[in-house]
Amino acid sequence: MDEKKKIKVRVVPRQEIPISITTDFIRLDAFLKLCNAVESGGHAKEVIQAGEVLVNGEVCLQRGRKLRGNDRAQFGRDIFVVVYDNIGT
């Protein structure tokens, strides 16, 4: 008799993580480093060029892409949201 095993899978919902910046914009590669999503600038370059990063829901291959307030960068299961903090102005 062939028994089928049941596998339970739990899907973790995507998590939005706000990340504050104090400048008008930040480059995508620098933002991924700021978020601790990647280990280095070289790692950021690799994942961006491999098409593993989404910006506002679309694949972005430009590591110098400027992100501004409310932009979203997704890498893996996390979505990082740019929050412009203009306290210094």
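What follows is a walk through the nonpolar core and then the salt bridges.

First, some ground rules: this is a predicted model, where local features need pLDDT of at least 70, side-chain atom pairs count only at pLDDT 80 or more, and totals for chains, interfaces and linings use all residues. Residues are numbered from 1 along each chain as its sequence is written, and side-chain values use heavy atoms, with hydrogens and water left out.

Let's start inside. A nonpolar core is a set of buried Ala, Val, Leu, Ile, Met, Phe, Trp, Tyr and Cys residues joined through side-chain atoms within 4.5 Å; buried means under 20% relative accessible area, exposed over 50%, and partly exposed in between (1.4 Å probe, protein chains only). The largest such core has 20 residues, and Leu28, Phe31, Leu32, Val47, Val53, Leu67 and Phe75 touch the most other members. At least two core residues come from each of strand 1 (15-21), helix 1 (28-34), helix 2 (41-49), strand 3 (53-55), strand 6 (72-75) and strand 7 (78-84). Helices (H or I, at least four residues) and strands (E, at least two) are DSSP runs, numbered from the N terminus.

Now for the charged pairs. A salt bridge puts a side-chain nitrogen of Lys or Arg within 4 Å of a carboxyl oxygen of Asp or Glu, and the count here is two. Glu16 pairs with Arg72, their closest N and O atoms being 3.1 Å apart. That pair links distant parts of the chain, with Glu16 in strand 1 and Arg72 in strand 6, 56 residues apart. Asp29 pairs with Arg27, the closest N and O atoms being 3.0 Å apart. Asp29 counts as buried because its relative accessibility is 13%, whereas Arg27, at 39%, counts as partly exposed.
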